[in-house]
Amino acid sequence: ATSVLLAGNVLDTGSANVTDRGFVYGTAINPTLATATKVAIGSGKGGYNKSITGLIPATTYHYKAYAISSIDTSYGGDSSFTTLEIVGPILTLTSSFTPFTTCAGSASEEQSFKVSGTNLVGGITVTAPSGFEVSTTSGVGYAASQVLNPTAGSVNETTLFIRISATATGTLGTNLEINSPDATLRNVSVNGTSNPSPAQPVISI
């Protein structure tokens, strides 16, 4: 997390009025008004709290309560907290392809691969390379791309299928890609050949 709720309490003001109270915080131990960030929260005796935002992830901060009166400045003891590391979207692509082959006019045999994702902020787009097509169902539903929508920020391991399309011709080879907003693109090489269709025999009578 990049925010924290700090709470303090002025228990006794003695004979002097507390004119300023709050917290000081920073990354060094024993922060003071002179060396750290000040967060003022009212005056007088009693409890107070405030949410501090904009903190750096995965960082240890030290803080103290302070109270300023007409006599002096008093501090509470040094305390610390550590903000959590922010983990972005993670995509996983598992595959083991062999070269595809077919004849023009016919789709190739399909091969499967698996995709998953965590900490997602959007869907996973699976994009086939030129001349190929992908599907989430064996044998049907093929298209140039597919979108896997997350549930609660995750896409469980999902099996997809890829093949050379019936309209492709020649030598084919580039990357199958999976992507999602704010995630690092993942890809794997896919290659194959769509050979010319065999000439049909000519029969004369």
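Two strands count as paired if DSSP finds at least two bridges between them, and the strands themselves are DSSP runs of E with at least two residues, numbered from the N terminus. With that in hand, look at β9 and strand β16 (residues 186-195), which pair in the parallel sense over four bridges. Within this pairing, C103 stands opposite N195 in β16.

Before we go on, a word on the model. It is a predicted one, where local features need pLDDT of at least 70 and side-chain atom pairs count only at pLDDT 80 or more, while totals for chains, interfaces and linings use all residues. Residues are numbered from 1 along each chain as its sequence is written, and side-chain values use heavy atoms, leaving out hydrogens and water.

Now step back to the sheet. Five strands form an open sheet with mixed pairing, in the order β9-β16-β15-β11-β13. At its edges are β9 (100-103) and β13 (145-148), each pairing on one side only.

Next, look inside. In soluble globular proteins, nonpolar side chains tend to be buried together. A nonpolar core here is a set of buried Ala, Val, Leu, Ile, Met, Phe, Trp, Tyr and Cys residues joined through side-chain atoms within 4.5 Å; buried means under 20% relative accessible area, exposed over 50%, and partly exposed in between (1.4 Å probe, protein chains only). The largest nonpolar core has 23 residues, and F113, V115 and I124 are among those with the most contacts inside it. Its largest share, four residues, comes from β14. Apart from this core lies another, of 15 residues, including L6 and Y25.

What about charges? There are three salt bridges, each being a side-chain nitrogen of Lys or Arg within 4 Å of a carboxyl oxygen of Asp or Glu. One joins the side chains of K38 and D20 at 2.8 Å, N to O. K38 is partly exposed, with a relative accessible area of 42%, whereas D20 is buried at 14%. Another joins E157 and K114 at 3.9 Å, N to O. E157 lies in strand β14 and K114 in strand β10, so this pair ties together parts that are 43 residues apart in sequence. R163 forms a salt bridge with E133, their closest N and O atoms being 2.7 Å apart, and both R163 and E133 are buried.

Finally, visit K64 in strand β5 (residues 60-69). K64 is buried yet has no salt bridge, and the nearest side chain of opposite charge, D78, is 5.5 Å away. (Lys and Arg count as positive, Asp and Glu as negative; His and the chain ends are not counted.)
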